[in-house]
Amino acid sequence: MIDKINAIKAEVETLKATSLQAVEELRIKYLSKKGEVSALMQEFRTVPAEQKRELGQQLNVLKEAVTAKLAALREALESADTVDADLDLSRTAAPMPLGTRHPLSLVREEIISIFSRQGFTIAEGPEVEDDWHVFSALNFADDHPARDMQDTFFIQRNPDVLLRTHTSSAQVRIMEKTQPPIRVLCPGRVYRNEAISARAHCFFHQIEGLYVDENVSFADLRQALLYFAREMFSPDTKIRLRPSYFPFTEPSAEMDISCNLCGGKGCSFCKHTGWVEILGCGMVDPNVLEACGIDSKRYSGYAFGMGVERITNLKYQVKDLRLFSENDVRFLRQFTSAH
């Protein structure tokens with residue numbers, strides 16, 4: 001009888017089933033009243049008394065093994081019935097819509113990419129700054145209007161601690177600890193005490209560039225900005241530089257591009273001039289170089305700065321600056337395909 005028990009046990013270990021009906025047939029074969037295990041139970045009654053203890057234990061082990069095997073087969077088939085063969089079990093239970101990049105992030109990265117192809121590297125600085133790095137080192141006079149409370153956010157009424165009004169402060173920090181050649185791009189958020197409207201905000205984003213080396217000229221500046229304009233907007237974009245004034249550059253200029261909506265012919269967006277202003281620039285004032293420990297007789301340089309929101313307005317025709325900071329998903333979803 002022990003041989004029969006071992007034979008059935010070995011047979012059960014290899015059982016397979018392709019359907020729940022097949023599992024039921026196996027149950028009938030082994031565990032029904034006329035099944036093979038039940039037949040062994042009937043035979044067990046006739047074995048000698050001295051063998052009952054050992055054979056009884058073996059029969060119990062066999063019955064448990066058959067029951068467990070059939071249960072495992074049934075569970076595997078039931079689980080397979082509830083899972084689609086093509087279903088990716090690593091996915092979330094609910095469908096996840098494709099997210100979007102913020103338009104300012106898209107434009108910021110595109111600007112950085114264009115200037116990185118010209119050899120510029122990224123430099124960053126703190127948003128909470130001191131007077132020296134924001135104003136004094138950049139040739140701002142003590143009575144310059146930008147120092148007035150109406151333009152600048154000061155911290156705890158301390159005139160020496162303030163929220164930076166431009167990312168030029170990061171350029172100052174680079175020049176203080178680095179000797180030329182210097183070619184850096186400084187992106188970041190800046191703050192100015194202005195009334196919030198469709199065309200102005202108390203915070204916005206800037207990207208400023210600085211190049212200092214021997215024999216740097218205004219022609220180098222113009223060529224770098226022309227390359228940027230044509231890469232950013234279109235290959236046929238034209239630029240013009242108009243004389244302007246900034247304390248930290250001399251000579252200074254503001255740069256316009258031919259309107260990318262009307263192609264320079266004139267429309268309501270460009271106020272029928274054919275031109276749109278996008279940035280300020282100029283040659284670094286020698287006083288700024290000297291204040292940062294750079295020999296202005298040996299080195300020269302140029303600098304430029306632009307508002308990321310301004311470029312984004314031109315690229316995507318966004319007319320209200322407030323949309324950039326309101327997190328309105330209806331607005332942000334427009335940039336789903338702009339990856």
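Buried here means under 20% relative accessible area, exposed means over 50%, and partly exposed is anything in between (1.4 Å probe, protein chains only). The model is a predicted one, so to speak of its local features takes pLDDT of at least 70, side-chain atom pairs count only at pLDDT 80 or more, and totals for chains, interfaces and linings use all residues. Residues are numbered from 1 along each chain as its sequence is written, and side-chain values use heavy atoms, with hydrogens and water left out.

One is glutamate 254, which makes a salt bridge (a side-chain nitrogen of Lys or Arg within 4 Å of a carboxyl oxygen of Asp or Glu) with arginine 242, the closest N and O atoms sitting 3.2 Å apart. Glutamate 254 belongs to strand 8 (residues 249–258) and arginine 242 to strand 7 (residues 239–246), so the contact ties together parts 12 residues apart in sequence. Helices (H or I, at least four residues) and strands (E, at least two) are DSSP runs, numbered from the N terminus. Glutamate 254 is buried, with a relative accessible area of 18%.

The other partner is glutamate 277, whose side chain meets that of arginine 242 in a salt bridge at 3.6 Å, N to O. Glutamate 277 is in strand 9 (residues 275–284) and arginine 242 in strand 7, so this pair ties together parts 35 residues apart in sequence. Glutamate 277 is partly exposed, at a relative accessible area of 34%. Through shared partners, salt bridges join Arg240, Arg242, Glu254, Asp256 and Glu277 into one network.

The structure holds 14 salt bridges. Among them is the one between lysine 315 and glutamate 110, with the closest N and O atoms 3.6 Å apart. This pair links distant parts of the chain, lysine 315 being in helix 10 (residues 308–316) and glutamate 110 in helix 5 (residues 103–116), 205 residues apart. Both ends count as partly exposed: lysine 315 has a relative accessible area of 27%, and glutamate 110 is at 25%.

Now for strand pairing, which calls for at least two DSSP bridges between the strands. Strand 4 (residues 158–163) pairs in the antiparallel sense with strand 2 (residues 128–130) over three bridges, and valine 128 stands opposite leucine 163 there. Strand 3 (residues 154–155) also pairs with strand 4 in the antiparallel sense, over two bridges, with isoleucine 155 opposite asparagine 158. Two residues lie between the strands of this hairpin, where glutamine 156 takes a positive phi near 50°.
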